[in-house]
Amino acid sequence: MSVGTVTTAVPARLDRLPWSRWHWMIVIGLGTVWILDGLEVTIVGNVAGRIAEEGSGLDISAAQVTGLAAALYVAGACLGALFFGWLTDRYGRKKLFMATLAVYLAATALTALSFESWWFFLFRFLTGFGIGGEYAAINSAIDELIPSQYRGRVDLIINGSYWLGAIGGSLLSIVMLDTTIFPKDLGWRLSFALGVVLGLVILLVRRHVPESPRWQFIHGKGDEAEELVSSVEREIEQEKGEQLPPPAGEITIHQRKSIGFGLIAKTVFGKYPRRAVLGLSLFIGQAFLYNAITFGFGTILITFFDVPTGDTGYYFAVIAAGNFLGPLLLGKLFDTVGRRIMISSTYLISGLLLFVTAWLFDRGSLTATTMTACWCVVLFFASAGASSAYLTVSEIFPMETRAMAIAFFYALGTAAGGISGPLLFADLTESGVVGDTVLAFQIGAGLMCAAGLVAAFLAVKAERRSLEDIARPLSEAAETASSSTVRTGTATP
């Protein structure tokens, strides 16, 4: 439903802002949730062996934790992304990134109180439901608030911060699994409880993150968008001690209250079919590669290298560090060298390196230390590539479809690799047969290479370009501003 027409320079005004304390507030308030996700997944992987032991307080096997529970977590994330993604495009970014964090906090707290396996499975699903909603709401807000010249590196580093949580989860599990400190039935519960504490801290910071002005001016809140951007400009001019340059241009919009599913689907698959193939390929490739390695990580070390259950966290902390360093060190190149070269090369390099790792493992040439070193190098490149999948789908489709596009490609790609992956790879890595684990590696590597080839041909040159230039808004008016079009953000009926 259209509510008026407005001509605005809000997108250009946001894109020409220099980096400031305000942007750091956005990064900290929104990006830190990936630390929570990394903490969650890593803790579950590392405490799986302990939860499966007699005396843990739960009658559950390690395969159920890394297989069924992991698949339920991912299934919840997929459904949560779709559900909250639709609400995000309809009701705004801010309301939903507060609501999804609340769902995560409640579900994680109740996971710590698990007394039966069904309870554990249920709240792993609901924890994923909240995290999935975060992906859609937060990636939308980040890309719409960060200036175009920084968007690539910031998005990659924020998504890569997942691995800071993974490092924390790995080291935390070492302490929590030490039975000289905590009993078997308490340590793993406290691991989940810490996630709740961290989430509450993030909730306090996130209260200060504003709604996306881009969402506001399209949804009939033009005055609020103008007021917000003006206040940010005044704050930055005061911080920098100089006047901002004039914005590059304006855009005229027919404001709407909501966008139907039919129009979204027609836009994504009808208007941008090549981009749809690209998004799906990137998500499936990275989901399978990560499931081939991370979900069975602890089991592989224990089964093939006789690493004690309580020591797997040390090894995982090392590869988690490699994962974070990838986006941190390579992120700037996505804005300078360009999206196509960097996306395709990170996918292809990581896939080829995993093939080499599989070959070395099959020959019996690796130890626990050298296997971890190989994974660290593979994931240095893979992490930058995986983070670029979220960046890609959040910037190559129109504003009105952004959250749903992120949700759809995350859900479909992750369902393919993230639900079937844990179920398939849990059996392959737990069998104790070298050939089965080699096959798991090869599947992940092959799909990663295939996605890299797709990116080489289909990736969009989005570096340093305005979101509205990459994909014109569906609500954009064909005519330029006239006497019946308001420039200040107040809609004309």
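**Surface.** I started with the accessible area (Shrake-Rupley method, 1.4 Å probe; for residues, only the protein chains shown count as cover). The protein exposes about 17700 Å², and carbon and sulfur atoms supply 65% of that area.

**Ground rules.** I am working with a predicted model, in which local features need pLDDT of at least 70 and side-chain atom pairs count only at pLDDT 80 or more, while totals for chains, interfaces and linings use all residues. Residues are numbered from 1 along each chain as its sequence is written, and side-chain values use heavy atoms, with hydrogens and water left out.

**Overall build.** I found 20 helices and two strands in the protein; these are DSSP runs numbered from the N terminus (helices H or I, at least four residues; strands E, at least two). Of the 493 residues, 60% count as buried, where buried means under 20% relative accessible area, exposed over 50%, and partly exposed in between (1.4 Å probe, protein chains only). I also checked the contacts (heavy atoms within 4.5 Å). Among those between residues at least 6 apart in sequence, 87% join residues at least 24 apart.

**Cores.** Next I looked up the nonpolar cores, that is, sets of buried Ala, Val, Leu, Ile, Met, Phe, Trp, Tyr and Cys residues joined through side-chain atoms within 4.5 Å. Which residues touch the most other members of the largest one? They are Leu 30, Val 154, Trp 163, Leu 282 and Phe 305, in a core of 121 residues. Helix α17 (residues 368–395) gives the most to this core, with 15 residues. A second, separate core has 15 residues, among them Leu 39, Val 65, Ala 112 and Phe 120.

**Helix α7.** Val 154 turned up again here: it is one of the buried residues of α7. Eight of the 10 residues in this helix (residues 151–160) are buried, including Arg 151 and Asp 155.

**Salt bridges.** I counted 15 salt bridges, each a side-chain nitrogen of Lys or Arg within 4 Å of a carboxyl oxygen of Asp or Glu. Arg 16 pairs with Glu 233, with the closest N and O atoms 2.7 Å apart. Arg 16 lies in the loop between α1 (10–15) and α2 (21–31) and Glu 233 in helix α11 (residues 222–240), so their bridge ties together parts 217 residues apart in sequence. Both Arg 16 and Glu 233 are buried.

I then turned to Glu 468 and Arg 214, whose side chains meet at 2.7 Å, N to O. Glu 468 is in helix α20 (residues 467–470) and Arg 214 in helix α10 (residues 213–218), so this pair ties together parts 254 residues apart in sequence. Is Glu 468 buried or exposed? Glu 468 counts as buried because its relative accessibility is 6%, and Arg 214 is buried too, at 0%.

For Arg 465 and Asp 469, I noted a salt bridge with the closest N and O atoms 3.1 Å apart. Arg 465 is partly exposed at 26%, and Asp 469 is partly exposed at 40%. Elsewhere, bridges that share partners join Arg 151, Arg 153, Asp 335, Arg 339 and Glu 395 into one network.

**Ser 173.** My last stop was Ser 173, in helix α8 (residues 162–176). Ser 173 is buried, with a relative accessible area of 1%. Its C-alpha atom is 6.3 Å from that of Ile 43, a residue 130 residues away along the chain.
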